[in-house]
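Visitor: I am new to this structure. Please take me to one part and look at it closely, then show me how other parts meet in the same way.

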Amino acid sequence: MENAWLIPLFPLLSFVFLLLFGRKLKEGSAYAGILLTLASLVFSVIVLVERMAAPASYKAEAVWLKIGELELTAGFEVNQLNALMLVIVSLVSFLVHTYSKGYMHGDDRFHVFYAYLGLFTFAMLGLVLSPNLLQTYIFWELVGVGSFLLIGFYYFKNEARAAAKKAFIMTRIGDVGLLIGMILLFWQVGSFEYDEIFAAVEAGSISGTMITLTAILIFIGAVGKSGQFPLHTWLPDAMEGPTPVSALIHAATMVAAGVYLVAATFPLFAASETAMMTVAIIGAFTAIFAASIGLAQTNIKRVLAYSTVSQLGYMMLALGSAGYVAGVFHLMTHAFFKALLFLAAGSVIHALHHKQNIEEMGGLWKKLPLTGPLFLMGTLAISGVPLFSGFFSKDEILIAVWAHGNYFLFILAVIAAFFTAFYMFRLFFMVFTGEARSPLGNVQESPATMTMPMVVLGVLAVVAGYVNTPWFGTFLGDWLVEGNEALGHGHIEGPAWIMIVATLVSLAGIFLAYLMYYKKSLARDWFTSRAPITYSIVRNKYFIDEFYNLSVVYATRSVSLFLRFIELFLVEGLMKLVAGVVSLLGKSGSRFQNGQIQTYGMAAFLGLAVLLLIFALTGGYIG
Amino acid sequence: MSSVPITAFLALALILFCIGLYGALTKRNTIIVLISIELMLNAVNINLVTFSKYGMTPAITGQVFAVFVIAVAAAEVAVGIAILLALYRNRRTVNIDEINTMKH
Amino acid sequence: MNSIYLSLLVLSPLLGIVLLAFMPKTGEKGIKLVGVLATLPATVLALLAYFSYQGGKDLADYGEKVRWMQFGSFGQLDPNLFTVYYELGLDGFSLLMVVLTAVLASLAALASFHIKREWKGYFMLFLLLEIGMLGVFTAQNLILFFLFFEITLIPMFFLIGKWGYFNKEKAAYSFLVYNGLGSAVLLIVIMVLFAKTGTSNIEALKVFLNTEGAQLPTPVSDSVKMGLLIALLIAFGVKLPIFPLHSWMLRVHVEAPPSIVMLHSGVLLKIGAYGLIRFGMGIFPEQFAELAVLIAVLGVVNLLYGAFLAFIQTDFKMVLAYSSISHMGIVLIGLGANNEAGIQGAIFQVVSHGLISALLFFLVSVLYERVHTTNINNLGGLAKGMPLTAGFLLAGAMASLGLPGMSGFVSEFMAFLGLFREMPILAAVGCIGIIMTAVYLLRAVLAITYGRSDRQYAGISDLRSFEWAPVLVLIGLIVLIGVYPAVLSQPLESIVLGLGG
Amino acid sequence: MDLETLLSFEWSLMTPEFIVLIVATLLTLLDLFLPKKFNRNHLGWIGLAGILLALVSVFGLIGRDPGSILYDTFRLDSFAKAFKILLLAGSALVFLLAIDYEPKEGRGEYRGEFFYLFLTALLGAMIMSSSGDLITLFVGLELLSISSYILAGLRKTNVKTNESAMKYVINGSISTAILLFGMSYVYGITGTTNLKAMAGMLSTVSDPQHLYLLGLAFFMIFVGLSFKIAAAPFHMWAPDVYEGSPTPVTAFLSVVSKTAGFIIVIRIMLSIFAAVPTGDEGFPMLFALQDYIGFLAGATMIIGNVVALRQRNIKRLFAYSSIAHAGYILVAFTAMSYVMFDSIWFYLLAYLFMGMGAFAVIQLITAKEGSEDISHFAGLYQRSPVLAVTMAIFLLSLAGIPGTAGFIGKLNIFLGALMVNPSHYVLASIMIATTVVSYVYYFGIMTQMFFRPAAGLARAEAAATVQGEVPAARRRLPTGTTAVIIICAAATILFGILPQLAFDFLQSNFNQFIDFMQ
C-alpha cells in the first residue's frame, strides 16, 4: 500500500516513452501501453486486497509549495473508496488498451493515441489517489486535457475539433466552480486536506451557509465533469472521439469522476441538507431528462452517451439521497456494463466500417456471433433485469431514495428506469434483429484483441452485482463505510415491493420495445404521430445547444464587440486627441511666427505688458 | 529752475520711450524704425540724466552711463544701417514688412 | 561586500558589442554566432549565481557599491547626502528576474536567426537591450534603475522601427512616446524622493519613509506619498500595461520581430510588475494597502478586457498581445490581494508568463518563417504539415490557460487564492477570465492547428536544428515550475514574508 | 586717477581678457596688411591658439581669491571663472567650425572679420561675466551683440543672411532699449551703477512706491535680457536668425551667446533683486517674483518644443530646440536652490558639447547637400555610419536620455526644482512633459538617418558605398569639424557616465560660489 504512488506512474511512463519513441515503434506502441497499464492494474489489485485486510486508511504527504507560512502538501491516500476506484479505472483502462490494438489498427497516429491514453490513465489514477482538494483539482484538469486530446484525436475533422473545444470549455466552467469552492473552503479550514476539512465540518467550525455554498460550488465541478444538466451537452458531442475512448473516458472513468468527487467529499455534503437536495434534484432531473432524449436518438453512440448521462444522474440522485453506498455501487457496475456496451458498439461500428446510424443497421445477430450476445448482456444489465449487476445497484438507489423520503424523485427515477429499458432494447432490436436496412458490405466479427476485453467485461457485467445484494449480504457496502459514520450505513433497508416495481418497470420497457421494434405489432410512429411536437423537441435534445448558442455564445461575442468599440474610440481616441492638441499648438505657434520683425517685437512688448498687468493687478507679489 | 519736479522729466522720458516703441513696432520704413529705436534710447538717457541730477542720491555716474549709451547707440545704428544697405543691394527695398522670407 | 560579479554579469554583452563593431557588415554566419555567444556569459553567470544561492551562498555577497556622483556640495555635511552610488545587488526576486532575462536573451538570440538583414546593427542593439534589462533588475538605487530603464528604450525603438513588419515606424513611435511618458512620470517620482530624502537607495528609502521622525532634508507628507504611489502606478502601468494605457503594446507585439517580442513581452513588460512590487509595495506599504482595492479592480478589468478582446481577434499575434494584457491582469490581482499568497502568485505569474509568452512568440516566428501569415482565418490543419510545432503550440496554449502541471496554473492559483481571501466577490468575477482564457486560446490555436489542412501547407518542414533549443528549454522550465514550484518559491520566501499587509 | 593708482591695480586678474583683446587686434592688423592671396584660415588657427591660451590663463587664475579692480567695475570671482571657462571652450569649438566653413559663394574678402569678430564678441561676453557695474555689463553686452549682428550678416550677398541680420539688429536694439529703461529706474532708486553698492542701497529700501518701481524695472530688465537667452517672450527672432546666419555663427549664438545671456541674467538679477526686501519679513524680491520667471520658463519650454515639431529646416529646428533648452535652464534659475549655480553651469557645459557637436554635423551635411532640409539626413547611416551614430549621440543627449551629459544636466535641474520647499512640481512636470514631446522631433531626425533610404544625390553616394568606394562624407573630412565632432561626442558620453569629473571640479574649486555677493 505504501507503493500505491507507483500506480499512476506506469501510465505516465508509457505516455512519455511513446511521445519520445512512438514514431519508431508504430503499432508496437500498443504493447508498451498494455504492459504498463497491466502493471498498474496488478498493483491496484494488490492494494485493494491489502485494503480489504487492513481497515486503517494510509496517507503519505510532502510539502509541495510554501506560501509564506502556508504549506501546501502533495501526496497520496488509500481508503476504501479510492482503492475500489483504482481497480475499476486500471482494469477498464487495461481492457481498453488491449481493445484499441484492434480497433485503431492501421491509423497512422496509432502511437499518439496510445500516448494520450497513457496520459489520461495517469491523470485519472492520480485523481483517485489524491488526498486533498488541490491535488484533486490538478488531476481533475489533467483528466480534462486527456479527454480533450482524445476527443480531438481526429483533428482534421471539424466536428471533432468543435467537440473537443466544447468538452474542454464546458467542463472548465464546472472546474471554476470547483476552484472557487475549494479556495473558499481553504480560507475557512486553512487546509485542502480532506480529513482536516471533514474534521472542521464535524467540529462545526464552518458556518452552515458557507458549507452549503462550498458544497454546491464543488458540485458544480462535478456537474461539469459528469455531464449533468445543464452542462451535459458536451458529453454526446464527445462521441466524435474514437469509440474505445468513449468507453474509457465517457462511460467508465472520467465522467464518473464527478460522482467520485461528490462521494469523496460526502461528509461535506451530508452536513448541508440544501446541498444534498440540490444534488438529488439535479441528479433525478438529469436521469429522466437524458433518458427521454435517448428515446429518440438514432446514432448508436449518442444513445449510449445519453444513457450514460442519465445513469450518472442516477448516481447523483443516490448520493443526494444519502445513498453513499448505492451511488458508489452503481458507479462500479455502471463502469463495467457501460464500458461493455461501448466496446460492443465499437466492434459493431468497426465491423460496419464506421457506420453509426442505427436506422441503417439491422440483423447483425448472426453476423456478429460474439458481439451480439455481449451487447445483450450489457443491455440487460443496464435495464436492471434481475440477476444482472445493474439490477442490484439500481435497486439500492431506489431504496435509498425512498428511504430518504424523496417520493417525487423516486417516481422520476422509476420512470427513468422504464425509459432506459425501452431505449436500450430499442437500440438492441434495431441493430441486431430484423433485416439490414441498408447495404452493410461484408461484415465479420472483430479480432480477439477486441472481443477478449468485451468478454471480461461481459462476465463482470453479470457478476459484479453480487458483491452487494440484499440476499447474499452487502459486504461491499459494509466495507465501504467501515469506520466512517459520516458515510451512512452499508445497506439501507427498504420495502421489498420496490424491487418488484423496479423489475416490472424494466420488463415493461423491454416488452414495449419488443412490440415496437421486434414484433412490429405496434407501429413505430404510434407515439410520434400522436405528439409530433413533443417528438421533435425530444429528438432535438430540447434545443439546449441552440439555446446556448443564442444566449451564451452570442452574449460573449457582443461583449467583445462592445469592448472593441471602446478600444477603438475611447483608448485610441484619447491618444489621438492628445497628439492632436499638441500638433495644433505647434501649428498655431508656427503660424504666429510670420517672419515680420515687428511681430516679434510686438510679441515681446505684449509679453512685458501682460507681466506688468498681472503685477499691477496682484498689487505686487504673488510669493 | 529746480521748480520743475522730477516726475515731469520721468513722464517725458516715459512718453518718449512709448513713442519710440510705437514707431519701432509699426513703421514700414526700416530707417524710421531705427530712428524710433534711437528715440527709446534717448528716453533712457533722459532718465539717467534726470536721476543723476534730481535723484534721491544724485551722482555723476548716471551721466557717464548716458554717455556710454549714446556712444553704443551710435555704433548700433551704424551697424544697422550697414546691414540695411547690404539688404537693399540684394532686395531693392527698405520696407520692413517685405523682409519676411523666413517664417514659421 | 564589493564583488564585481554583477558588473561582469550585466556588462558581459558589451564584449559582444565591441566584437561586432569590428566585424564586417556582411559576414552573416559569424555575426549571428557572435551575437548568440555574447549572450551566454550572462546566462552562465546568472545560473551560477542561482545555483550557488541554492547551495547556501548569501546573496548579499554579490552586492557592490562605488561612489558615482554627488549633487551640490553637501560633502561637508554628510558624504551620503545627495550622493548617488553605482550599486548593484541581488535579492531573491531580482535573482529570479536576472536568470529569466539572461535565459530568455540567449533563446531570443537564437530566435534571431530568423532575422533577414543588417544582422550587425541588430545584434549590437540586441545586446545593448540585454544590458539594460539585466541592469534594471540589479540596480540598487532608483537613479541607476532609471538609467538602465531608459537604456532599454533606445534599442527597442530601433529594433522595432528597423526590423519590424509593415507598420514598424508607427509602432516604434507609439512605443517611444508611451514609454517616454511613463518613464517621465517615473523620473519625477524618483527625483521627488531623491530631492526630499537626499538618497535614492531603495533600502534606505524604505527605512526613511516608514520610520517616524526620520531625519530628512524636507519632510514627506502622507498625501505626497500617495501622490507618488499613484504616479508610480501610472509609470509602471504603461509598461505592464494597465488597461487604458496598453495600445502601444499591441502595436509592438504585432509589428516587432518575434525574437524581440520574446524579450519584450517576456522581460520588458515584467519591469512594470517588478517596479510596482519593488518600489510601490516596498517603499509605500501603507499607501499601497489603501490602493489595494483599486489595483485588484484594475487587475480584474485587465484580465477580462484582454480576454474578451482576444476572443475576436483574427491575427494570432493580436490574440497573444491581448492575452498578455489579460495575464498581466493576474499579476495585478495578486498585488491587489496584497497578502503573501497574492504577491507570490504575482511574482510567479511574472516569471511564468515570461516563459510562456516567449515560447508562444518563438513558435509564431517559426510559423511565420514557413507560412508567412499569422492570420488564423488563412491557417488551419497545420498539425498535418508540422505536427511537432502544432503540438508545442498547443502545449504553450495549455500552459498559458493555466493547466495544472505547468507554471501558469501555480501563479494563477496563488493569485486567486490571495484575492479570494481579501475580496471574494471581485475574485469570483475574475474567475470568468479563467474560462475566457480557455475559450480564446483554444479558438485561436485549434483554428491554426486542427481542422482541414490546406494542401499549400502540406509540404512545409517542421521544427529543425536550432529551433529545438528554445522550445525544449522553455517547455522544460514551464513544466519544471509547474511540477516543482519550489524552484521559484524558495528564493522568494524572505521577500514574500517581508512584503504584504 | 593718476598713474600709480592705475598701476596699483592687480591687472593680472584680467589676463584672459587681455589675451583675447590682443589676439583680436593682432588679427585685425594682420588681416589688414597681409596680401590678399594669403590664406586667412591661418588667422583662424592663430585665434584658436589665443583662445586656448586664455583658457589656460583662466585655469591659472582659479586658485586666486576673488578680487576686483577698477573700483569694483571688474571682479573676478568663482562665478566669473567658472563661466569664462564655458565661454572660452565654446568659442574654441566655434573657431574649429569656422575654419572649415565655406559658403557656396566663397568667403571672399570677409574671411578675416569672420575670425576677429568672434573674438570681440567673446571679449564682450567675458567682460559681462566678470563685471561689477551696470555700465561695464552694458558695454560688454553691446560688444557681444554688435559683433554678433555683423557676424550674422557676414554673407553680404546672401539674401537670407541679410534678412536674419536685419531682424537681429532691430530686435536686439529694442531689447537693449527696454533693458536700459529698466536699468535707469534701478539707478534712479539707488543712485549708483555699481552692483555691490546697489545691493547695499536696496537692502534698505522700504518705500512701497520705490518697491513698485523696482518691480516694473525687474520686468523690463528681465524681458530685455530674455532676448539674449532667446526665452519667451523675446524668443521669436531666434529661428529666423539661426536659419539665416552662417552655421558657425548659429552655433556661436546658440551656445556662447546664450551662455553669456545667462551670465548677465544671473549677475543682474541676483545682485540687484535678491537684495531687495519685500513684505514684512524682508522676503527677497527675486523670490517673491519667482512665479513670473517660472511662468516664462514654462512658456519657453512649451513653445520651443511644440513648435519644433513642425520644422523641416534642420537649423530652424535646432533654433527652437535651443529655445526649449533656455527654458530648462530658466527652471533651474527659477528654483534658486542650493544647486542652482552647479546645475546651470553643468547644463550649459553639457549643452555646449551636445549643441556644438550637433551643429558640426549639420554644417558637414548641409555643406555637402547644399540644403538644410531634414530629408537630407535620410540614409546617413548607410553613407557614413560613424557620422550617423555620433549625431545620434548628440540627439539623445539633447533629448536627455540617460548615459549622456544631457540627462545628468536635467537631473541636476530637477533636483534643484524639487528640493526647494515648496517644490516646483508644476514646473518640473512641464519640463519633463515637454522633454517627451522633444523625443518626437529628435527621434524624427534619427528616423531619417537610420530608417529612411537615402534620396537624390545621397542615394548615388549610398550606391557608391555599396560598391565599396569611399563616400564623400568620409572622403576629405575637414579637420576642424572632425575634431569638434570627436571632442563633443567624447565629452557628451564622458560627462554622462562620469559626471563626477565635472562636479568635483566645481565643488573643489568654486566653493559653492559663495563669494558671488561679496
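Guide: Begin where chain D meets chain B: 34 residues of chain D are in contact with 36 residues of chain B. Keep in mind that this is a predicted model. Stay on the chain D side. Helix H6 (134-152), helix H7 (159-190) and helix H10 (237-244) of chain D each give two or more residues to the side that touches chain B. H7(D) gives the most, with 17 residues. Now sort the residues of that side by class. In the side of chain D that touches chain B, 17 are nonpolar, eleven are polar and six are charged.

Next, go to chain A and chain C. Their contact takes 36 residues from chain A and 40 residues from chain C. Look at the chain A side. One strand is among the elements that supply at least two residues there: strand E1 (58-67) of chain A. H6(A) gives the most to the side of chain A that touches chain C, with 13 residues. By class, that side of chain A has 23 nonpolar residues, with five polar and eight charged.

Now step inside chain C. Here the parts that meet belong to one chain. Across the boundary, 36 residues of domain 1 of chain C are in contact with 41 residues of domain 2 of chain C. Three helices of chain C each supply at least two residues of the domain 1 side: helix H3 (92-111), helix H9 (247-255) and helix H10 (258-283). H10(C) gives the most to this side of domain 1, with 13 residues. The classes on the side of domain 1 of chain C that touches domain 2 are 27 nonpolar, seven polar and two charged.

One more view of chain C comes from a record. For residues 139-434 of chain C, an unreviewed UniProt entry lists "domain: NADH:quinone oxidoreductase/Mrp antiporter transmembrane". That span of chain C is 81% helix and 0% strand. The C-alpha atoms at the ends of residues 139-434 of chain C lie 35 Å apart.

H7(D) gives the most to the side of chain D that touches chain B. H6(A) gives the most to the side of chain A that touches chain C. H10(C) gives the most to the side of domain 1 of chain C that touches domain 2 of chain C.

Technical notes:
Residues are numbered from 1 along each chain as its sequence is written. Chains are lettered from A and ligands numbered from 1 in the order in which they are written. This is a predicted model: local features need pLDDT of at least 70, side-chain atom pairs count only at pLDDT 80 or more; totals for chains, interfaces and linings use all residues. Two residues are in contact if their C-beta atoms, placed from the backbone, lie within 7 Å. Helices (H or I, at least four residues) and strands (E, at least two) are DSSP runs, numbered from the N terminus. Ala, Val, Leu, Ile, Met, Phe, Trp, Tyr, Cys and Pro count as nonpolar, Asp, Glu, Lys and Arg as charged, and the others, Gly among them, as polar. UniProt positions are given in the numbering used here, feature names are shortened, and annotations may be inferred rather than shown by experiment.
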